[in-house]
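Hi everyone, thanks for coming along. I'd like to walk you through one structure today, so let me put it up on the screen.

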Amino acid sequence: MSDLARVLLAPGRDGPVRGGHPWLFSGAVASVTGDPEDGDEVDVVGADGSFVARGLYNALSQIRVRLYAWEPVALDDAFFARRIADAVRLRTDSLGLDDADGACRLVFSEGDGLSGFTVDRYGPWLSVQLTSLALARRRDALVDAACAAVPCAGVVLRTEKGVLQEEGLELRDGVLRGTLPEEPVTVREGALVFEVDLRTGQKTGFYLDQRENRARAAAYARGRTVADVCCYTGGFGVALAAAGAERVVGVDTSRPALALAGRNADRNGVAGRMDFVRADAFGWLEAEGAAGRRYGMIVLDPPRFARTRRGVRQAIRAYERLNALALRCLEADGILVTCSCSGRVPAEGFTRAVAAAAVAAGRRVQILERGGQAPDHPVATACPESEYLKCLVCRVT
Ligand code: SAH
């Protein structure tokens, strides 16, 4: 046994961790010996003292230990560099996401065995998110490893709200390596190009997780009048217009997102068939329905409605309401593309919300296709929380 500090599992609470789950919550810890500092490497041991897993400790977080290895290996810079190289290899060798002008998620936190570290590549620029204190302390080594694994002209750090309370971690967004262009950068997705604002855009800049679902939706677009609700920078709308939609209206509350969406429409030669409206999704759909306006296709891609377990019921009601409003605006034989990125809302719960919306709106809904997050956002079977995106393509009569 190593001379690392040891975290003893509470009896009966060791199941997930033994099964490879990367989060050891404070409630599953019986005791800690060896007085580890926040960010230190620790061994997690069973009631009989035997080794279970190795991770990084943080007394400030509900996730007391984030686990990275189920064998006694050193969690040093070389370990994390190997894991990052492995994540990159999946994108390049198996997924073919190595287009120099393309974009992909290079590292997906728990999905890649790197809980707390996410990297998106936009051409030669990397956008990094750190959500664990221990990995934030190893930031330079992690960024070096990412830059060694792919061509890298610059790295920017983007922080999600909430990390400070959850992890006791204070981070300042900004450029970590190289330079970042002042203007949005341009990346390719299939035959389309999108401008991405790496400095102030949402998330890490672009919703890469919807890549396959945009293509899926595009197959139904020809000749239809489309509403892209919660359009952000136009990901779905531009793809649908380019696939032959007759007209597309994009709706979002964010002024900067809509400005970029307009530029994206322009760059892809579809601005003549696209309009953008700054409005609340619920209010806008309600007004369209009341005015008798009908669409041949509606995309719903709202932000995460449930952040916590307690918020799930309310989130499901919000999905019901939003989907019912959209169903009322669809023509007969219309297509509804409806998404949920709330990891807390399970796929069945989301499907039930759409079913309830169908009843409320008095429409018949047939699910044609189901999509999840793009494969560069892999789901670790040991960590169900790494699965979050659901997309249903439905026919509505
Ligand atoms: N479909 C987009 C991603 C959508 S992200 C793509 O493929 O790129 C969710 C979007 O919902 C964000 O742009 C956010 O500004 C917007 N949003 C949040 N609340 C909203 C509301 N109440 N009404 C309309 N848009 C909203």
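This is a predicted model: local features need pLDDT of at least 70, side-chain atom pairs count only at pLDDT 80 or more; totals for chains, interfaces and linings use all residues.

**Domains, a contact and a ligand**

Now for the layout. The chain splits into domain 1 at 5-69, domain 2 at 77-178 and domain 3 at 207-396. I'll stay with domains 2 and 3 for a while. Their C-alpha centres are 28 Å apart, and their contact draws on 15 residues from domain 2 and 13 residues from domain 3.

How much area is buried between domain 2 and domain 3? The value is about 980 Å², and carbon and sulfur atoms account for 65% of it. On the domain 2 side, Arg105, Phe108 and Glu110 provide 40% of the area buried against domain 3, more than any other three residues.

What the rule does find across the interface is two residue pairs in polar contact, both at pLDDT 80 or more.

Which elements supply the side of domain 2 that touches domain 3? Helix H2 (77-94), strand E7 (103-108) and strand E8 (117-122) each bring at least two residues. E7 gives the most, with four residues. By class, that side of domain 2 has seven nonpolar, one polar and seven charged residues.

So much for that interface; let's look at salt bridges elsewhere. The structure as a whole holds 24 of them. One that I'd like to show you joins the side chains of Arg66 and Glu110, at 3.7 Å from N to O. Arg66 sits in strand E6 (residues 63-69) and Glu110 in the loop between E7 and E8, so this pair ties together parts that are 44 residues apart in sequence. You'll remember Glu110 from the trio that supplies 40% of the area domain 2 buries against domain 3.

Finally, the ligand. There are 16 residues around the ligand, and those that come nearest are Arg214, Asp252, Asp280, Ala281 and Asp301. For anyone who likes distances, here are a few. An N or O atom in the side chain of Asp280 is 2.7 Å from a ligand nitrogen. For Ala281, a backbone N or O atom lies 2.8 Å from a nitrogen atom of the ligand. And a polar backbone atom of Thr253 is 3.5 Å from a ligand nitrogen.

Definitions and conventions: Residues are numbered from 1 along each chain as its sequence is written. Side-chain values use heavy atoms; hydrogens and water are left out. Domain bounds come from an automatic or database domain assignment. Contact means heavy atoms within 4.5 Å. Buried area is the accessible area (1.4 Å probe) that two parts lose on being put together, summed over both. A polar contact is a pair of N or O atoms within 3.5 Å; within protein, one must be able to donate a hydrogen and the other to accept it, and residues adjacent in sequence count only if both atoms are side-chain atoms. Ala, Val, Leu, Ile, Met, Phe, Trp, Tyr, Cys and Pro count as nonpolar, Asp, Glu, Lys and Arg as charged, and the others, Gly among them, as polar. A residue is near a molecule or strand if one of its heavy atoms lies within 4 Å of it. A salt bridge is a side-chain nitrogen of Lys or Arg within 4 Å of a carboxyl oxygen of Asp or Glu.
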